[in-house]
Amino acid sequence: MKQLLIVAHAPSPNTRRLVDAALKGAGHPDIEQVSVTWKPPLEAGPEDVLACDAILLGTTENLGYMSGALKDFFDRTYYAVIDDKQGLPCALYIRAGLDGTGTRRAVESIVTGLRWNWVQDPLVCKGEWQDAFADQVEELGMYIAAGLDSGIF
């Protein structure tokens with residue numbers, strides 16, 4: 001059984017809907033060999049990353065940057081996993097009130113340093129809330145879990 005770790009900040013009902021959508025997509029009944037775990041960034045640590053086979057990151061855009069919680073996760077995890085998790089398949093979604101550019105750039109910089117591999121470009125859900133955001137994140141969760149399940153990632 002492969003392990004998909006979702007590390008996503010969900011401080012509001014809408015961002016919690018995004019986490020639930022990612023879990024729903026990753027837990028699709030046709031995906032049989034992947035176990036999915038969600039941890040808020042302040043609860044996730046190096047041991048979680050070391051135990052996973054792929055990671056889906058989720059964050060809000062806060063003042064043009066990633067959430068402080070996700071930054072804290074990276075601060076506590078970076079050096080503990082850098083040697084052992086190079087090549088880790090990863091994906092990112094951003095709930096951005098503005099355009100998500102600064103948030104995307106910051107996370108991409110850290111992921112580049114970790115030498116993780118993007119499975120697709122980051123998903124930026126920007127502007128006023130739209131129910132379609134949950135559908136997009138569900139598809140992203142399904143995509144990364146299905147790729148892990150089939151051995152593509």
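The model is predicted, so local features need pLDDT of at least 70 and side-chain atom pairs count only at pLDDT 80 or more, whereas totals for chains, interfaces and linings use all residues. Residues are numbered from 1 along each chain as its sequence is written, and side-chain values use heavy atoms, with hydrogens and water left out. Helices (H or I, at least four residues) and strands (E, at least two) are DSSP runs numbered from the N terminus, and contact means heavy atoms within 4.5 Å.

The residues of H5 that are buried are Phe-133, Ala-134, Val-137, Glu-138, Leu-140, Gly-141, Ile-144, Ala-145, Gly-147 and Leu-148. The helix covers residues 132–150, and at 1.5 Å a residue its 19 residues should span 27 Å, which agrees with the 27 Å between its end C-alpha atoms; the expected span of a helix is taken as 1.5 Å times one less than its number of residues. Just after H5 comes Gly-151, with a positive phi of about 85 degrees.

## Leu-123 in strand S7

Strand S7 contains Leu-123, a residue that is buried, with a relative accessible area of 15%. Not counting residues up to four places away in sequence, Leu-123 touches Leu-92, Tyr-93, Ile-94, Gln-136, Val-137 and Leu-140. Of these, Val-137 and Leu-140 are also among the buried residues of H5. Leu-123 and Tyr-93 lie 30 residues apart in sequence, yet their C-alpha atoms are 4.6 Å apart in space.

H4 is followed by Arg-115, which sits in the loop between H4 and S6. Arg-115 is a residue other than glycine with a positive phi, near 65 degrees, and it is partly exposed, with a relative accessible area of 45%.

## The pairing of H3 and H4

The axes of H3 and H4 come within 11 Å and cross at roughly 10 degrees, where axes are lines fitted to C-alpha atoms, for helices over the stretch in contact, and angles run from 0 to 180 degrees between N-to-C directions. That makes H3 roughly parallel to H4, given that angles under 35 degrees count as roughly parallel, over 145 as roughly antiparallel, 65 to 115 as roughly perpendicular and the rest as oblique.

Leu-70, Phe-74, Tyr-78 and Val-81 of H3 make this contact with Val-107, Ile-110, Gly-113 and Leu-114 of H4. By class, the contact of H3 with H4 has seven nonpolar, one polar and no charged residues, with Ala, Val, Leu, Ile, Met, Phe, Trp, Tyr, Cys and Pro counted as nonpolar, Asp, Glu, Lys and Arg as charged, and the others, Gly among them, as polar.

Leu-63, in the loop between S3 and S4, is another residue other than glycine with a positive phi, near 55 degrees; it is exposed, with a relative accessible area of 90%. Ser-67, in the loop between S4 and H3, counts as buried at 0% relative accessibility. Leaving out residues up to four places away in sequence, Ser-67 touches His-9, Thr-59, Thr-60 and Asn-62.

Within helix H3 itself is Lys-71, which counts as partly exposed at 26% relative accessibility. With residues up to four places away in sequence again not counted, Lys-71 touches Tyr-65 and Met-66. Lys-71 and Pro-41 are 30 residues apart in sequence and 8.3 Å apart in space, C-alpha to C-alpha.

Notes:
Buried < 20%, exposed > 50% of the residue type's maximum accessible area, 1.4 Å probe, protein only.
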